[in-house]
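Here is a short briefing for a reader who is new to this structure. Please look over the sequence and the model before reading on.

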Amino acid sequence: MIPHDPDRPQIDPRSLLRTGGERDLYGLICGTGYVPGEQVFEDFCESLKSGRAWLISGTRGSGKTAFPEALAQACNLAMCVVAGRDGLKQEEILYDWDREEQEVWMRENLALAKGLPDCEQLAFLDEARKMKWRRQFLILGEVGLAYDLAAEAARSTPRNPPPVLLLDESDKFGASIEDALLMPLERGLIYIPRYEGGCIGVADWECRPIVITTSNDLRHKLSGPFISRHIFTRFANPTLEKELEILRARNPKASSSQLALAIKLLDAVRGIAGMEDHPSIRESIDVAGAFVRDSVESLDHASLSRFFCYFVKTGDARELLGLQLDYLLAMTHSFHPTVDCWLGARDPEWAMKWNIAITL
Ligand SMILES: Nc1ncnc2c1ncn2[C@@H]1O[C@H](COP(=O)(O)OP(=O)(O)O)[C@@H](O)[C@H]1O
Ligand SMILES: [Mg+2]
């Protein structure tokens, strides 16, 4: 669990939405450098308002993991994280009993019982056995913890905001973990056999953890019941304008020419037939960052291929792009209406360079 910062105020995104603060929430998230897609953000707001978990699928590097991170940062919320992998066990993510401590407890009580009169021993041990299933012997995994924190926040006055629970790369969970999550996702509760309290969590939809589940749609197909417990959004590739916004937010020091170079280059690469693994936002942010670091304002044959390593991920793709150097260079140097008008509207010098009429 990543705790919240006790020195900063916390914001409950659900309360913010209830009071009409959708744009405020958008602004708060943008303030962290993460620029959500409009449709994506609308879907997220629906999931928040309904209390349902939000399932986001999309290609690698499309900003799935970064969204909940940005939300937790923007609103100063605690965040529990389960990273999908093969062999993940229910007891790791929900709860487990501290068997060693339970044994010690029983040994201690057996010793104590021996010192009691015979007629009291049985009742004393019965009580000790019951107490073996108390809260102090329960070890919560990240999911258990998130539901428990949410319940604790719901009990506080004034009510504290719930935590974020990120179920990352859920396509690697496998059927048994998905099944184990069905109950908490639907009821908000995790039933624990023998536990003195019976269950942990909070049933009230308003108070539940803000659950964000991501999937790369690669390893396993998610089960119908698991998907149906979510509001679903597909992270589509952003428009070039949105990508420029993201690049600028992530590389605030980038000049217009560096932003233009990065996005024209990546846009051209994505358009080359035969490129199987398309560069995502992750790669365009990295390329723009490299241009800023190396103060690159224009590219030539030698410098262009130097930056291939940021977005070419196979030998074949590298060979393919090696044959397209002239085309890629031409694309990075020529006028691109979307890119250059977007930059021209924000940078008068850029508008002058390309003779773009700025309409105010
Ligand atoms: N909309 C966005 N705004 C800002 N940064 C983004 C956005 N989408 C992706 N990124 C950045 O791209 C990189 C990859 O995102 P990540 O969330 O790790 O991808 P995924 O989990 O989908 O594979 C991160 O550095 C992230 O901050
Ligand atoms: Mg991820």
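Which residues of helix α11 (residues 240–250) are buried? They are Glu-243, Leu-244, Ile-246 and Leu-247. This is a predicted model.

**The five-stranded sheet**

- Five strands form an open sheet in the order β2-β5-β8-β1-β9. Their pairing is parallel.
- β2 (79–83) and β9 (230–235) are the edge strands. Each has a single partner strand, so one side of each has no neighbour in the sheet.
- On average, neighbouring strands of this sheet are turned by 20° against each other, direction ignored.

**Strand pairs**

- Strand β1 (residues 53–58) runs parallel to strand β8 (residues 210–215), and four bridges join them.
- Trp-54 has Ile-212 in β8 as its bridge partner. Leu-55 is partnered by Thr-213 in β8. Ile-56 stands opposite Thr-214 in β8.
- β1 also pairs with β9, in the parallel sense, over six bridges. Here Ile-56 stands opposite Thr-233 in β9.
- β5 and β8 are a parallel pair with four bridges. The bridge partner of Leu-167 in β8 is Thr-213.

**Strand β8**

- How many of the six residues of β8 are buried? Six of its six residues are buried, and β8 is mostly covered.
- Ile-210, Ile-212 and Thr-214 point one way from β8. Val-211, Thr-213 and Ser-215 point the other way.
- Both sets are buried.

**Helices on the sheet**

- Helix α4 (residues 66–75) lies across β1, β2, β5 (164–168) and β8. It runs at about 165° to β5.
- Helix α8 (residues 142–155) packs on the sheet and touches β2 and β5. The direction of α8 makes about 160° with that of β2.

**Helix α3**

- Helix α3 (residues 38–50) has 13 residues. From first C-alpha to last, α3 reaches 19 Å, close to the 18 Å expected at 1.5 Å a residue.
- Its buried residues include Val-40, Phe-44, Ser-47 and Leu-48.
- Seen down the axis of α3, the buried residues fall within an arc of 100°, so they line one face of the helix.
- Which residues on the other side of α3 are exposed? They are Glu-38, Gln-39 and Ser-50.
- The buried residues of α3 pack against α1 (13–18) and against β1, β8 and β9.

**Helix α11**

- The buried residues of α11 fall within an arc of 165° when seen down its axis, so they line one face of the helix.
- These buried residues pack against α12, α13 (281–293) and α17 (337–346).

**Leu-266**

- Leu-266 sits in helix α12 (residues 256–270).
- Neighbours within four places in sequence aside, Leu-266 is in contact with Pro-279, Glu-283, Ser-284, Val-287 and Phe-311.
- Leu-266 and Ile-281 are 15 residues apart in sequence. In space they are 9.4 Å apart, C-alpha to C-alpha.

**Lys-221**

- Lys-221 is placed in the loop between β8 and α10 (224–228).
- Lys-221 is exposed because 10 other C-beta atoms lie within 10 Å, and 12 or fewer make a residue exposed.
- Lys-221 and Gly-174 are 47 residues apart in sequence, and 8.7 Å apart in space, C-alpha to C-alpha.

Note on methods
Residues are numbered from 1 along each chain as its sequence is written. Chains are lettered from A and ligands numbered from 1 in the order in which they are written. This is a predicted model: local features need pLDDT of at least 70, side-chain atom pairs count only at pLDDT 80 or more; totals for chains, interfaces and linings use all residues. Two strands pair if DSSP finds at least two bridges between them. Helices (H or I, at least four residues) and strands (E, at least two) are DSSP runs, numbered from the N terminus. Axes are lines fitted to C-alpha atoms, for helices over the stretch in contact, and angles run from 0 to 180 degrees between N-to-C directions. Two residues are in contact if their C-beta atoms, placed from the backbone, lie within 7 Å. The expected span of a helix is 1.5 Å times one less than its number of residues. A residue is buried if 20 or more other C-beta atoms lie within 10 Å of its own, exposed if 12 or fewer, and partly exposed in between; C-beta atoms are placed from the backbone. The arc is that of the directions from the helix axis to the C-beta atoms.
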